[in-house]
Amino acid sequence: MTRWLASTLVTFGCAGAILAGAVPALAHDDTSGAIVLDVTDQRVLGTAQVSFAELGYQDTSGDGLVGADELRAQEANVTTSLVKVLREHAALEVDGQKVDIIGAGPAPIGEGQVPATKYVEIIFATGPHDGDVSRVDLSWSFTSPTDQVVLSGPNGPVTGRLGDDSTMSISLDAASTVRSFFLTGLDHVRSGLDHMLFLVVLTFAVVGSTVSRTTTWRVVKLVTAFTIGHATSLCLAYFDIVSIPPQWVEPAISLSIVAAAVLALRGRGETIRPWIAATVGLVHGLGFASSLGGLGLATTHEVGALAAFNIGIDVAQTAVVLLVILGIWISGRMLAERHQWVRMAVCSGAGLVGLGWTASLLAA
């Protein structure tokens, strides 16, 4: 076994060790402070905690908080503009149709000792919608104690989180779930440059300079193994069965690009076995799961959602691989012997990008 192959296997072995050492985690989400939406057959009713300053309350005591007396003294003035403030910071759509917030007010203040707080609970209601609800979209730019959202629908509660852009889409029927998560899976591969680079370099490593039925079939087998790996870890991470910090996962993904680039440049793609591709897929799947958590998607049909998301990813991956194979074939026909320079340029560039990403992630 040559030194470079041993180094590559050690890299993949480390990735496997990361997975093997993952600490199982149970889902114990605390929904206190969450944005709660109750979808009735007529309208949407909501409660949420919001930073007092964003609602128009003043800290008259100068302690950075508002107490019960301050809330009561200012309640009348704040209530008159509360609907306007909510419309500026929040928006709701039911099945693609905007529903306006038409009523809002602060939650009743309890008697007795009420501690001073940074957040004020508000209650709001929207105008009527058409009836049966299959999807709810929320945009929320308020400062709240948590980004968690709980929707109470006809099939029970759905819990999720606002995405990185402070929006959330909640699917309540199977058709909406499949469509939303499939399209998200497609788009995620397109926007995930690290995953695309790995697929490109893996294809170059296996195909080399000559496209044939044998090399194409080997790529298909390896991508299938990769798919099985990432689908497995994505599901385990999505359901909180394993939990690995992103600062471990992301450098491992970058290193997988470097390892594949080395194999491609050395012309030793035939040494890549399905179990190696599956192991790398496990790591990449954790990256997909981490990104999925920040997209602001939730549903009552979690199994169907994950299946649709994985299928979307796999369709996009297959398209990437087929396009790369087509590009290699065209390049070979047009450039003849000079085609080797294309492979070297692409794989060298990808390897350097992977090294740069790894260094920056480890230094962060």
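Predicted model: local features only at pLDDT ≥ 70, side-chain atom pairs only at ≥ 80, totals over all residues.
1. **Strand E3.** Start with strand E3, residues 90-94. Its side chains alternate between two faces. Ala90, Leu92 and Val94 point to one face and are buried.

2. **The partners of E3.** Strand E7 covers residues 135-140 and pairs with E3 in the antiparallel sense, over five bridges. Within this pairing, Ala91 stands opposite Ser139 of E7. Strand E4, residues 97-99, also pairs with E3 in the antiparallel sense, here over three bridges. Glu93 has Lys98 in E4 as its bridge partner.

3. **The hairpin turn.** E3 and E4 form a hairpin, with two residues between them. Look at Asp95, which lies in the loop between these strands. Its phi is positive, near 55°, and Asp95 is not a glycine. Is Asp95 buried, partly exposed or exposed? It is partly exposed, because its relative accessibility is 33%.

4. **Another positive phi.** Ser166 has a positive phi of about 65°, and it is not a glycine either. Ser166 sits in the loop between strand E9 (156-161) and strand E10 (167-171). Its relative accessible area is 30%, so Ser166 counts as partly exposed.

5. **The largest nonpolar core.** In soluble globular proteins, nonpolar side chains tend to be buried together. Here the largest nonpolar core has 49 residues. Phe198, Val201, Leu202, Val219 and Leu234 touch the most other members. The elements giving two or more residues to this core are helices H5, H6, H7, H8, H9, H10 and H11. Which helix gives the most? H10 does, with 11 residues.

6. **Val219 and its contacts.** Set aside the neighbours within four places in sequence. Val219 is then in contact with Thr203, Val206, Val207, Val321 and Ile325.

7. **A second core.** A separate core holds 35 residues. Among them are Val44, Val66, Leu138 and Leu162.

8. Trp329 lies in helix H10, residues 302-335. This tryptophan is partly exposed, because its relative accessibility is 45%.

9. **Salt bridges.** How many salt bridges does the structure hold? It holds five. One of them joins Lys98 and Asp100, with the closest N and O atoms 4.0 Å apart. Lys98 is exposed, because its relative accessible area is 59%. Asp100, at 39%, is partly exposed.

10. Asp137 forms a salt bridge with Arg135, and the closest N and O atoms are 3.1 Å apart. Asp137 has a relative accessible area of 16%, so it counts as buried. Arg135, at 27% relative accessibility, is partly exposed.

11. **A link between two parts.** The side chains of Asp147 and Arg161 meet in a salt bridge, 2.7 Å from N to O. Asp147 lies in the loop between E7 and strand E8 (148-153), and Arg161 lies in strand E9, so the pair ties together parts 14 residues apart in sequence. Asp147 is partly exposed at 33% relative accessibility. Arg161 is partly exposed at 34%.

Definitions and conventions. Residues numbered from 1 in each chain as written. Heavy atoms only, no water. Buried < 20%, exposed > 50% of the residue type's maximum accessible area, 1.4 Å probe, protein only. Helix = DSSP H or I, 4+ residues; strand = E, 2+ residues; numbered from the N terminus. Pairing = 2+ DSSP bridges. Core = buried A, V, L, I, M, F, W, Y, C linked by side-chain atoms within 4.5 Å. Contact = heavy atoms within 4.5 Å.
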